[in-house]
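Open the model in your viewer and keep the selection tool at hand. The stops below go through charged pairs, a nonpolar core and a surface patch.

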Amino acid sequence: MKIRSIETFTDPFVCFVRVTSDTGAQGWGQVAPYYADITAQVVHRQVAPYALGQDAFDIAHLMEIIPEKEHKFPGSYLRRAMGGLDTALFDLRGKLEGKPVCELLGGTPGKVRAYGSSMKRDITPDDEVDRLKRLQNECGFTAFKFRIGAECGHDQDEWPGRTEAIVPAMRGAFADDTQLMVDANSCYSPAKAIETGRFLEDNGISHYEEPCPYWHYDQTKQVSDALNIDVAGGEQDCSLVDWQRMVDGRVVDIVQPDVCYLGGMLRSMKVAQMAHQAGIPCTPHSANLSLVTLFTMHLLRAIPNPGKYLEFSIEEGDYYPWQYGLFASEPYEVEDGHVTVTDAPGWGVEVAPEWLAKSAYQISEVEA
């Protein structure tokens with residue numbers, strides 16, 4: 001079965017990919033959000049030429065040859081584009097075989113524990129506590145992540161004293177059996193990160209994400225070596241070579257690949273396997289409610305070293321206005337703090353026709 005065409009449907013934030021085989025079988029995937037319209041061009045210029053006419057079931061081969069053919073472009077956009085192809089081909093195969101993607105990868109459908117993930121820094125500690133308590137009552141979350149420091153903040157807080165206020169406020173508001181995590185988004189120098197980490201340990205925080213600029217592995221390792229709290233990272237990393245260095249060097253205690261940033265399910269499985277061999281759990285990054293969270297749910301049901309929970313964005317309204325109206329039916333329902341991977345074939349979801357009708361369209365196809 002050969003790949004006959006690759007289509008993209010995009011706006012500036014989201015790009016869905018549809019692959020059609022020479023038998024007419026189809027599958028849906030997605031590239032990473034943000035500047036997705038740029039990634040769509042990469043799909044057609046730097047991915048499709050090597051995928052068209054190839055075996056639709058040999059995803060591993062495509063994920064190997066595309067980086068080699070485009071070896072002068074080792075960065076994020078190519079991997080994001082590859083992820084659109086990979087995820088569409090898994091959907092195609094799942095539909096043909098009548099299996100969910102997690103089963104194609106050796107896993108099973110079922111429940112996944114989720115944590116409520118806050119993206120906001122422009123929120124006061126009191127307001128953050130109030131909304132997370134409300135969500136715990138409504139959805140049953142038993143874990144939350146909130147933001148500290150400023151993004152790439154050079155040791156500065158979002159405003160003076162915010163981190164020192166929000167950490168004890170959160171811990172004091174929730175019972176001990178609610179796990180609390182923080183994300184520093186590359187804020188700190190090693191010395192400040194270690195100082196902050198000890199403050200987090202004193203307040204019962206269990207997970208410390210991206211304390212230092214993520215591209216400085218040596219800085220992050222200083223922090224993970226100095227602290228007892230679990231240091232997590234890796235969401236931005238899209239090179240398997242860099243991932244091997246990170247794992248071999250024990251840079252973090254928890255790896256956090258992003259399926260869409262890294263280049264799809266197969267490459268994410270490789271990172272999870274690297275970490276598994278090193279005894280490191282995998283808690284992937286999935287920070288919005290496009291398809292990346294569904295991809296991650298299937299991944300967690302298939303890998304041998306899943307972390308304790310799925311990252312599940314709690315942001316609504318104006319924060320991510322582009323994530324609404326994407327699907328024909330809602331794929332995400334939180335019940336008792338869990339989401340469910342169903343036994344529906346492929347991803348078990350269809351893109352909303354109304355969204356497709358408003359998108360920018362492009363097709364690459366095998367010449368007659």
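A salt bridge here is a side-chain nitrogen of Lys or Arg within 4 Å of a carboxyl oxygen of Asp or Glu. The model is a predicted one, and it holds 15 salt bridges.

Select Asp 225 and Lys 221. Their closest N and O atoms are 3.3 Å apart, so the pair counts as a salt bridge. Both residues belong to helix H8 (residues 217–226), 4 residues apart, about one turn of the helix. Asp 225 is exposed at 54% relative accessible area, while Lys 221 is partly exposed at 28%.

Next, select Lys 95 and Asp 91 in helix H3, again 4 residues apart. Their side chains form a salt bridge at 2.9 Å, N to O. Lys 95 is partly exposed, with 31% relative accessibility; Asp 91, at 0%, is buried.

Now go to Glu 209 and Lys 145, whose salt bridge is 2.8 Å, N to O. This pair links distant parts of the chain: Glu 209 is in strand S7 (residues 207–209) and Lys 145 in strand S5 (residues 143–147), 64 residues apart. Both residues are buried.

For the nonpolar core, select Ile 6, Leu 85, Ile 148 and Tyr 208, the residues with the most contacts inside the largest core, which has 115 residues. Helix H3 (residues 76–97) gives the most to this core, with 8 residues.

Finish with Asp 55, Asp 58, Glu 64 and Glu 68, which form a negative surface patch. Glu 68 sits in helix H2 (residues 59–69) and is exposed, at 57% relative accessible area.

Technical notes. Residues numbered from 1 in each chain as written. Predicted model: local features only at pLDDT ≥ 70, side-chain atom pairs only at ≥ 80, totals over all residues. Heavy atoms only, no water. Patch = residues over 30% accessible without salt bridge, like charges linked within 9 Å, V, L, I, M, F, W, Y side chains within 5 Å. Areas by Shrake-Rupley, 256 points an atom, 1.4 Å probe, with all protein chains shown as cover. Lys, Arg positive; Asp, Glu negative; His and termini not counted. Charge placed at Lys NZ, Arg CZ, Asp CG, Glu CD. Helix = DSSP H or I, 4+ residues; strand = E, 2+ residues; numbered from the N terminus. Buried < 20%, exposed > 50% of the residue type's maximum accessible area, 1.4 Å probe, protein only. Core = buried A, V, L, I, M, F, W, Y, C linked by side-chain atoms within 4.5 Å.
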